[in-house]
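Please read the briefing below alongside the sequence and the coordinates.

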Amino acid sequence: MTRDAARSQDKQARLTGHGGDVKLEAALLNAISGALVQMVRNAVAHGIEPPAERVAAGKPPQGLIELRIERRGREVLFCCSDDGAGLDLDAVRRTAVDKGIAGAAYLDDEALVERLLRGGLSTARRVDSLAGRGVGMDLVRDTADRLGGRLTLRSRRGEGTTVELCVPMQLAALRAIRLCAGTVSAWVPLEAVECVLQRPELNGSHVAVGDELLPHLSLAEALRPGVAAPAPRSALVLRAGGQRAVLGVDSLDGVTSVVLRPPPALLPASPLISGLALDAAQQPVPVLAPEGLIAAARQARPRPVAAPARTGTILVIDDSLTTRMLEQSILEAAGYRVHMAASAEDGLEAARRERYALILCDVEMPGMDGFEFMSRIRGDAALRDIPAVLVTSRNAPEDLARGKAVGADGYIVKGEFAQNEFLAQVARLVARSAQAAFSAASAQGASA
């Protein structure tokens with residue numbers, strides 16, 4: 001169809017497809033096939049330019065159309081993209097005005113695209129079997145409405161257009177790996193599993209995987225919130241939507257093909273569960289949604305473990321979100337309260353609002369750096385006695401000397417970080433801060 005449509009318009013086009021291994025029920029494929037054909041026809045008619053225009057624009061004479069199919073939890077995405085000219089929104093706006101559509105001249109680009117998806121508009125230069133009648137998107141939109149799906153369109157002038165149709169599934173076959181945590185079990189799609197870790201080492205609420213620190217979520221805690229979970233014996237590194245996280249489990253019980261079924265209407269909707277599948281005993285087992293698990297892991301706060309009682313609050317200042325989260329997870333797991341600031345300026349304001357037991361500050365930050373921050377608090381009578389440590393990747397002797405000169409109580413090099421030594425140093429400085437506060441309060445009481 002792509003070849004014939006291109007020939008009828010004196011164009012050259014090539015179709016590529018991805019996702020042929022996604023298994024769906026025949027009823028859905030039958031319902032969607034007409035819309036897929038129309039999406040590709042639109043790409044030929046409205047997207048791909050004639051060969052001479054493409055060559056003049058620095059493109060190969062043959063246009064590329066990509067049809068991609070992906071399963072996303074309980075939904076399936078049908079995506080058609082081209083490398084053509086993109087939408088001429090000015091032409092669409094003129095057509096809408098000429099057709100007498102109220103307020104068309106004042107619609108912004110997003111509203112204009114939304115209006116285009118409703119049908120009845122066309123910018124084709126001629127009327128033929130492919131384009132010009134303004135009904136090209138009607139079939140696609142009607143299919144989305146009939147199946148309870150969503151239709152979206154994105155376009156960049158000169159670079160191409162992407163049309164996405166996302167519809168819910170009733171049944172789908174997929175390869176899945178079975179997970180167990182205590183009495184809880186579930187399946188997770190195998191395509192989302194990047195690798196398996198044995199006895200992962202938790203660093204607060206994160207796990208180090210290669211050079212990256214990934215958020216961790218326990219399967220038991222995910223499916224039974226509020227239930228304390230022991231350290232995981234195994235873990236899966238999940239990837240979905242360009243993001244990664246670690247799911248901790250007790251054991252893995254093999255890979256199998258399962259039929260994903262929609263959850264019953266009485267089951268409360270959950271972003272963690274994409275559907276149900278029957279096990280060998282015909283009992284329903286949840287099939288987890290990788291996107292939901294990763295989102296939950298990224299939003300989770302570390303659960304403090306049993307630790308000696310700590311006093312005071314620690315302020316962490318660092319422009320790196322990853323570093324702030326790492327220090328926060330380590331400190332909270334050790335029983336400390338933690339406040340965070342993304343800049344030295346914000347940290348200075350926070351220190352003036354609240355008395356902290358300890359301040360941990362990065363050196364290299366936009367604006368005020370850690371050395372200047374340290375000089376500022378040491379020059380402030382209200383803040384000069386607060387213990388403060390510089391935490392940085394800079395380890396040159398002159399940097400260490402400068403840190404000492406500005407009054408830092410410690411200098412931690414990130415590349416030489418050792419958690420036990422870090423916590424020991426924190427404990428000493430917090431204890432010193434508490435003793436100083438107690439002495440000051442006693443002296444004040446005596447004088448009163």
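**Briefing on the predicted model**

Thr95 is found in helix 4 (residues 89-98), where helices are DSSP runs of H or I with at least four residues, strands are runs of E with at least two, and both are numbered from the N terminus. This is a predicted model, in which local features need pLDDT of at least 70 and side-chain atom pairs count only at pLDDT 80 or more, while totals for chains, interfaces and linings use all residues. Residues are numbered from 1 along each chain as its sequence is written, and side-chain values use heavy atoms, with hydrogens and water left out.

**Thr95**

- Thr95 is buried, with a relative accessible area of 17%; buried means under 20% relative accessible area, exposed means over 50%, and partly exposed lies in between, for a 1.4 Å probe and protein chains only.
- The side chain of Thr95 reaches the backbone oxygen of Ala91 at a distance of 2.9 Å.

**Overall fold**

- The chain has 13 helices and 22 strands, and 47% of its 448 residues count as buried.
- Among contacts (heavy atoms within 4.5 Å) between residues at least 6 apart in sequence, 64% join residues at least 24 apart.

**Nonpolar cores**

- A nonpolar core is a set of buried Ala, Val, Leu, Ile, Met, Phe, Trp, Tyr and Cys residues joined through side-chain atoms within 4.5 Å; in the largest one, which has 45 residues, Leu24, Val76, Phe78, Leu151 and Leu165 touch the most other members.
- Helix 2 (residues 26-47) contributes the largest share of this core, with eight residues.
- A second, separate core comprises 25 residues, among them Tyr356, Ile359, Ala388 and Val406.
- Once its neighbours within four places in sequence are left aside, Phe78 is in contact with Leu24, Ile32, Leu36, Met39, Arg68, Ile69, Val163, Glu164, Leu165 and Val167.

**A charge over a ring**

- The charged end of Arg178 sits over the ring of Trp187, 5.3 Å from its centre, the criterion being that NZ of Lys or CZ of Arg is within 6 Å of the ring centre and within 35 degrees of the ring normal.

- Six strands form an open sheet in the order 9-13-14-12-11-10, with mixed pairing, where two strands pair if DSSP finds at least two bridges between them.
- Its edge strands, each pairing on one side only, are strand 9 (193-198) and strand 10 (202-203).
- Strand 11 (residues 206-209) pairs with strand 12 (residues 212-218) in the antiparallel sense over four bridges, and Ala208 stands opposite Leu213 in strand 12.

Technical notes: Polar contact = N/O pair within 3.5 Å; in protein donor to acceptor, adjacent residues only side chain to side chain.
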